[in-house]
Amino acid sequence: MADTSNQYNDQIEKCRELFINKMHDYGSAWRILRLPSLTDQIFIKAQRIRGLQKNKEQKIAEDETSEFIGVVNYSIMALVQLDKGVVEQPDLSLEEATQLYDEQVAKTKQLMLNKNHDYGEAWRDMRVSSLTDLILQKLLRVKQIENNSGKTLVSEGIDANYQDMINYAVFALIHLEKIKE
């Protein structure tokens, strides 16, 4: 499991680096996005991944890796929005946004470690396409919860679904890196 923790950190560092670079370029403009908008953005990324996995021809020169990184980063943004609320104008400095990013990653990684312990690293035997399907399933669940004004009867909340999407995307990134080696 120490290997999983290190591999997880390596993939998150790539996601974090892109987040920081985009914060430098665009600031925290993402802070105006409502949760359904972030959910739809993640949905677009996941649908593109699924399309790349199914289609023989690719017309845009971005691979699954960049899209899984997008799933991670948009999901972290959604978790920040859940905690802080949506604003009318960008309101976070690079340092503040990075700190919030790191806090969400720490919570999400701890969830992964707990589940990984209980499930015995079952994700290692999963296909990247299955991880993609699970992300899409989580997105459909989040959309349904959003349509129900955030209310659930017996199910986990939106935050847990975003955390699961982050973890599935990181697992896919680990698998993809291993395939490239």
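Visitor: Is Leu100 buried or exposed, and at what relative accessible area?
Guide: This is a predicted model, in which local features need pLDDT of at least 70, side-chain atom pairs count only at pLDDT 80 or more, and totals for chains, interfaces and linings use all residues. Residues are numbered from 1 along each chain as its sequence is written, and side-chain values use heavy atoms, with hydrogens and water left out. Buried means under 20% relative accessible area, exposed over 50%, and partly exposed in between, for a 1.4 Å probe and protein chains only. Leu100 is therefore buried, and its relative accessible area is 17%.

Visitor: Which residues does Leu100 touch, not counting residues up to four places away in sequence?
Guide: Leu100 is placed in helix H4, where helices are DSSP runs (H or I, at least four residues) numbered from the N terminus. Contact means heavy atoms within 4.5 Å. With that sequence exclusion, Leu100 touches Val80, Lys84 and Leu92.

Visitor: What separates the C-alpha atoms of Leu100 and Met77?
Guide: Leu100 and Met77 are 23 residues apart along the chain. Their C-alpha atoms are separated by 9.0 Å.

Visitor: Which residues is Thr108 in contact with, leaving aside neighbours within four places in sequence?
Guide: Thr108 lies in helix H4. Its relative accessible area is 1%, so Thr108 is buried. Its contacts beyond those neighbours are Tyr8, Leu79, Gln163, Ile166 and Asn167.

Visitor: How are H4 and H6 oriented to each other?
Guide: H4 and H6 pack at an angle of about 75°, with their axes 9 Å apart. Axes are lines fitted to C-alpha atoms, for helices over the stretch in contact, and angles run from 0 to 180 degrees between N-to-C directions. Angles under 35 degrees count as roughly parallel, over 145 as roughly antiparallel, 65 to 115 as roughly perpendicular and the rest as oblique. H4 and H6 are therefore roughly perpendicular.

Visitor: How do the residues of the contact of H4 with H6 divide by class?
Guide: The contact is made by Lys107, Thr108, Leu111, Met112 and Lys115 of H4, with Gln163, Asp164, Ile166, Asn167 and Phe171 of H6. Ala, Val, Leu, Ile, Met, Phe, Trp, Tyr, Cys and Pro count as nonpolar, Asp, Glu, Lys and Arg as charged, and the others, Gly among them, as polar. The division is four nonpolar, three polar and three charged.

Visitor: How are H2 and H3 oriented to each other?
Guide: The axes of H2 and H3 are 9 Å apart, and the two helices pack at an angle of about 165°. H2 and H3 are therefore roughly antiparallel.

Visitor: Which residue other than glycine has a positive phi, near 55°?
Guide: Most residues other than glycine have a negative phi. The residue in question lies in the loop between H4 and H5, and at 17% relative accessibility it counts as buried. The residue with phi near 55° is Glu121.
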